[in-house]
Amino acid sequence: MEFNVSQLLKEPSGARRVFEISGNIIINKGDPASCIKGTADMLRTPNGVLVTSAIQTTVSSNCSRCLTRSDESVNVKLEEEFIPILDVFTGTEIDNFEGARESYLIDRNHILDLQGTIRDYVSMATPMKPICNENCSGICVTCGTNQNETVCNCKQQHRDIRWDPLLELSKFRTN
């Protein structure tokens with residue numbers, strides 16, 4: 001997901017290029033690579049290159065209720081401006097990138113790398129507590145059985161005993 005934008009940087013503001021994005025990227029350490037597909041629209045700005053992109057991928061994660069592995073489709077739209085480190089005509093260093101994140105810089109070879117940006121956006125779009133399906137029953141808090149596969153025989157307590165003092169107070173109020 002690296003693009004040579006040297007020709008785009010030589011053009012005036014408003015010049016545009018559209019690239020297809022496809023490949024594999026590792027979103028989280030230890031997870032398998034996710035296949036990324038989409039487009040990147042690159043627009044020359046006075047300071048650098050504005051990238052607008054729409055990306056589709058599938059992220060594999062553990063269900064927060066039953067801990068089984070499941071895949072979830074994630075669609076991401078990103079819009080970031082990338083600033084060059086070197087002037088494309090003279091090769092001199094440009095110092096207008098103060099405050100810009102390192103991942104939003106175009107390197108000395110005029111290569112714009114979208115991998116870190118895509119990883120950040122997909123990571124932010126992934127649910128914090130993913131579930132395998134809406135009807136997931138989760139695991140039994142007593143024995144740890146996955147209740148989607150089998151129903152355990154544990155005695156289920158429907159009321160939290162820590163609320164008993166408040167329940168006692170409510171009895172006095174109704175009388």
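Predicted model: local features only at pLDDT ≥ 70, side-chain atom pairs only at ≥ 80, totals over all residues.
Me: Start with the core. Which residues touch the most other members of the largest nonpolar core?
Reply: V5, M42, V49, V51, L112, L114 and I118 do, in a core of 27 residues. A nonpolar core here is a set of buried Ala, Val, Leu, Ile, Met, Phe, Trp, Tyr and Cys residues joined through side-chain atoms within 4.5 Å.

Me: Take L112. What is L112 in contact with, leaving aside neighbours within four places in sequence?
Reply: M1, E2, F3, V5, M42, V49, V51, F82 and I106. Contact means heavy atoms within 4.5 Å.

Me: F3 and F82 are both on that list. How many aromatic pairs are there?
Reply: Two. F3 pairs with F19 in a tilted arrangement, 4.9 Å centre to centre and 40 degrees between the planes. Rings of Phe, Tyr and Trp (its six-membered ring) pair if their centres lie within 6.5 Å; planes under 30 degrees apart count as stacked, over 60 as edge-to-face and the rest as tilted.

Me: What does the F3 and F19 pair tie together?
Reply: F3 is in strand β1 (residues 2-4) and F19 is in strand β2, so the pair links parts 16 residues apart in sequence.

Me: Is F3 buried or exposed?
Reply: F3 is buried, at 10% relative accessible area. F19 is partly exposed, at 25%. The cut-offs: buried is under 20% relative accessible area, exposed is over 50%, partly exposed is in between (1.4 Å probe, protein chains only).

Me: And how do F82 and Y104 pair?
Reply: Edge-to-face, at 5.6 Å centre to centre with 85 degrees between the planes. F82 lies in strand β5 and Y104 in the loop between β5 and β6 (105-106), so this pair ties together parts 22 residues apart in sequence. F82 and Y104 are buried.

Me: Switching to charges. How many salt bridges?
Reply: Two. A salt bridge is a side-chain nitrogen of Lys or Arg within 4 Å of a carboxyl oxygen of Asp or Glu. E11 and R17 form one of them, at 2.4 Å, N to O. E11 is partly exposed at 28% relative accessibility, and R17 is partly exposed at 27%.

Me: Where do D41 and R16 lie?
Reply: Their side chains meet in a salt bridge at 2.9 Å, N to O. D41 is in strand β3 and R16 in strand β2, so the pair ties together parts 25 residues apart in sequence. D41 counts as partly exposed at 22%, and R16 does at 48%.

Me: Backbone next. What is phi of L67?
Reply: Near 70 degrees, a positive value in a residue other than glycine. L67 sits in the loop between β4 and β5. L67 is exposed, at 55% relative accessible area.

Me: And H110? Where is H110 found?
Reply: In the loop between β6 and β7 (111-113). H110 has a positive phi of about 65 degrees, although it is not a glycine. H110 is buried, at 13% relative accessibility.

Me: What does I25 touch, not counting residues up to four places away in sequence?
Reply: M1, A33, S34, I36, Q115, I118 and R119. I25 is in strand β2 and counts as buried at 1% relative accessibility.

Me: Last one, the surface. Which residues form a nonpolar patch?
Reply: W163, L166, L167, L169 and F172, with about 580 Å² of accessible area together. Patches are made of residues with over 30% relative accessible area and no salt bridge: like charges are joined within 9 Å, nonpolar side chains (Val, Leu, Ile, Met, Phe, Trp, Tyr) within 5 Å. Areas come from the Shrake-Rupley method with a 1.4 Å probe; for residues, only the protein chains shown count as cover. L166 lies in helix α3 (residues 164-174) and is partly exposed at 48%.

Definitions and conventions. Residues numbered from 1 in each chain as written. Heavy atoms only, no water. Helix = DSSP H or I, 4+ residues; strand = E, 2+ residues; numbered from the N terminus.
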